[in-house]
Amino acid sequence: DRRRRSRSRSGKRGAPAAAKAGRASPNRPQRCRSSSSGAEKKKAAAPAVEPAKPEKPRERVTVTLKERPFGMAPSKDGSVTGYVVEKVAENKPAAQAGVEQGWHLVGIGEKDCKALDSQAVQALLKDAALPVVAHFEKPPSDLDMLPDSDEETGNSILNVRADHRRAHEDALSNIDDLPVQREPADLPEPIKSWRDACERKLLNPALVQKLHSAGLKRPTLIQRHAIPILGNDPEHY
């Protein structure tokens with residue numbers, strides 16, 4: 001009887017240990033939590049990147065160079081690609097044809113040389129028969145950065161007056177039909193738009209961009225007449 005009792009006691013003591021060993025057995029599949037869900041949430045919360053606006057096509061200019069030397073030299077900067085005019089000599093064919101610094105020579109006659117380096121383009125110029133028809137691309141100017149009259153600016157503006165101007169754009173346009181009396185008779189011509197003011201060197205493009213952001217897509221009636229006066233000779237008037 002004593003032997004039977006000791007065996008039953010040893011069996012009861014070993015049962016929990018075996019159960020624990022069974023739970024920790026490497027052959028039994030273990031449950032684990034994946035962290036991929038958190039990464040997916042982070043990816044989903046990432047803001048969408050707006051696509052870049054396409055670059056506007058550059059203006060092309062064709063000139064005729066009748067005699068050598070042409071009087072222009074390319075940039076020697078290693079970061080510049082192609083034949084970009086750096087120097088234009090006065091009273092030479094290039095200057096007389098209107099070539100300006102920064103113009104990119106992209107074609108000689110029927111030959112496209114936009115992808116060539118400056119040395120290869122110089123060799124083409126040297127071998128080309130006179131007169132040489134040269135095709136240039138002008139660099140983008142500050143005026144190209146101006147938004148169009150109907151273009152909305154992408155910035156969120158918290159200016160209440162700017163929002164008010166935009167909301168009453170149609171009503172403000174009716175003021176343009178009001179009669180204007182101009183004295184004396186030799187006052188400069190009023191500007192037609194912000195772009196016109198920039199082309200006449202009365203305003204700079206950076207200032208016009210701020211005016212657009214403030215809700216002024218075009219000059220008011222008073223501004224159209226006052227800006228040319230202030231930009232020319234205000235003391236004279």
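**A friendly note on this predicted model**

1. Glu137 sits in strand E6 and Arg60 in strand E1, so the bridge ties together parts that lie 77 residues apart in sequence. Are the two partners buried or exposed? Glu137 is buried, with a relative accessible area of 9%, whereas Arg60 is exposed, at 51%. Side chains of opposite charge can pair when their charged atoms come close.

2. Now look at Lys138. Its side chain meets that of Glu59 in a salt bridge, at 3.8 Å from N to O. Lys138 is in the loop between E6 and helix H5 (160–167), and Glu59 is in the loop between helix H2 (36–45) and E1, so this pair links parts 79 residues apart in sequence. With a relative accessibility of 27%, Lys138 counts as partly exposed.

3. How many salt bridges are there? The count comes to 4. One of them joins Arg200 to Asp196, where the closest N and O atoms are 3.7 Å apart. Arg200 is partly exposed at 31% relative accessibility, and Asp196 is buried, with a relative accessible area of 16%. Salt bridges with shared partners also bring Arg60, Lys114 and Glu137 into one network.

4. The largest nonpolar core has 19 residues, and the members that touch the most others are Met72, Val99, Leu105, Ile108, Leu125 and Phe136. Which elements each supply at least two residues of this core? They are strand E1 (60–65), strand E3 (83–88), strand E4 (104–108), helix H4 (118–127) and strand E6 (132–137). In soluble globular proteins, nonpolar side chains tend to be buried together.

5. Leaving out residues up to four places away in sequence, Met72 touches Leu65, Tyr83, Val85, Lys87, Val88, Ala94, Val99, Leu125 and Phe136. There is also a second, separate core of 10 residues, which includes Trp194, Cys198, Leu216 and Ile227.

6. Pro205, Val208, Leu211 and His212 are its buried residues. Viewed down the axis of H8, they fall within an arc of 110 degrees, so they line one face of the helix. Just after H8, Gly215 takes a positive phi of about 95 degrees.

7. Finally, a word on confidence. The protein chain has a mean pLDDT of 75, and 59% of its residues reach 70 or more. Over residues 17–22 the pLDDT is below 50, and beyond near neighbours in sequence this stretch has 1 contact in the model. Residues 149–158 also have a pLDDT below 50; beyond near neighbours in sequence, that stretch has 10 contacts in the model.

Note on methods. Residues numbered from 1 in each chain as written. Predicted model: local features only at pLDDT ≥ 70, side-chain atom pairs only at ≥ 80, totals over all residues. Heavy atoms only, no water. Core = buried A, V, L, I, M, F, W, Y, C linked by side-chain atoms within 4.5 Å. Buried < 20%, exposed > 50% of the residue type's maximum accessible area, 1.4 Å probe, protein only. Helix = DSSP H or I, 4+ residues; strand = E, 2+ residues; numbered from the N terminus. Contact = heavy atoms within 4.5 Å. Arc of directions from axis to C-beta. pLDDT = per-residue confidence, 0-100.
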